[in-house]
Amino acid sequence: MAHPSSEFNDPEVLRTCLQMLGDEGSKQEVRVAVETLLKLSRNLSNNPGDEKYRKIRKENKAIHDKLLRFDGAKEFLLAMGWTEVDDLLMYLEDHDLSITTSILEEHLHTLPPPPQNTAPAATPAPPSETAAWTQAELKERDEKLEKEKKRRMEEYQRMKKEREAIKKQINEDRKDTKTREVKESRARQLNFGANVKKFENKGGG
């Protein structure tokens, strides 16, 4: 049975990964990546016991071109629970992916629709806006995009560290609680034993 997890499928982390992805490719490339992520999420939800949906070969050209060449897409996969094992990405978890699927569906609606192949032959397009840009302007634009991409990656890494720290603290608290319970149990046993001894002594006297 699928169950929720605080470690994976954090909505804030998933949305940050999608923002990172949006900085890395064209609108259509991002759309294809999101559609592929959505397909993977739906396949896992609809076929929980089917192992063929739980592994991805990293050397698969289609997967690489659609997903793995983008840091945002790869980080999204890891954030939803996929694990790198040699030349594979494997889904070893058993989580409820309904939130992940919803986030991908919502994001897909914000992207432009795919181009229509049935459209009539278009007239020659006017010179693109970027054609009139100077090299300096293009360089400045690329630097801004790269800076924003770096900022989003740093934000994602910060959130990831925070989540790991919280998980570590939770585990330590659990250990402390268990240790305290064991000590209290031993103390009760010792106290019970002492009371029995006193009772025996009184009875014997």
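Reader: Among contacts in the chain between residues at least 6 apart in sequence, what share joins residues at least 24 apart?

Author: The share is 78%. Keep in mind that this is a predicted model.

Reader: How many helices and strands does the chain have, and what pattern do they follow?

Author: There are six helices and three strands. Along the sequence they read α-α-β-α-α-β-β-α-α.

Reader: What percentage of the chain counts as buried?

Author: Of its 205 residues, 25% do. Buried means under 20% relative accessible area.

Reader: Why is D86 called exposed?

Author: Its relative accessibility is 69%. The cut-off for exposed is over 50%. D86 is above that cut-off, so it counts as exposed.

Reader: Where does D86 sit, and what is its phi?

Author: D86 lies in the loop between strand 2 and strand 3. Its phi is positive, about 55°, although D86 is not a glycine. The hairpin of these two strands has two residues between them.

Reader: What makes strand 2 and strand 3 a pair?

Author: Pairing needs at least two bridges. Strand 2 (residues 82–85) and strand 3 (residues 88–91) are joined by four bridges.

Reader: Which residue of strand 3 stands opposite W82?

Author: That is Y91.

Reader: Which residues of helix 3 are buried, and how do you know that they lie on the same side?

Author: In helix 3 (residues 61–68), the buried residues are I63, L67 and L68. They cover an arc of only 60° around the axis, which puts them on the same side of the helix.

Reader: What do the buried residues of helix 3 pack against?

Author: Their partners are helix 2, strand 1 (55–57), helix 4 (71–79) and strand 3. A contact here requires heavy atoms within 4.5 Å.

Reader: How much space lies in the second largest pocket, and which residues are closest to its centre?

Author: The space is about 180 Å³. Twelve residues line this pocket, and G22, D23, K27, V30 and L111 are the closest to its centre.

Reader: Which helices supply at least two residues each of that lining, and which gives the most?

Author: Helix 1 (11–22) and helix 2 (27–46) each supply at least two. Helix 1 gives the most, with three residues.

Reader: What is the make-up of the lining by class?

Author: It has three nonpolar, six polar and three charged residues. Gly is counted among the polar ones.

How values were computed. Residues numbered from 1 in each chain as written. Predicted model: local features only at pLDDT ≥ 70, side-chain atom pairs only at ≥ 80, totals over all residues. Heavy atoms only, no water. 1 Å grid on protein atoms, 1.4 Å probe; cavity = no way out; pocket = protein on both sides within 12 Å on 5 of 7 lines; lining within 4 Å. Points joined across faces, edges and corners; volume = space filled by probe spheres on them. Buried < 20%, exposed > 50% of the residue type's maximum accessible area, 1.4 Å probe, protein only. Arc of directions from axis to C-beta.
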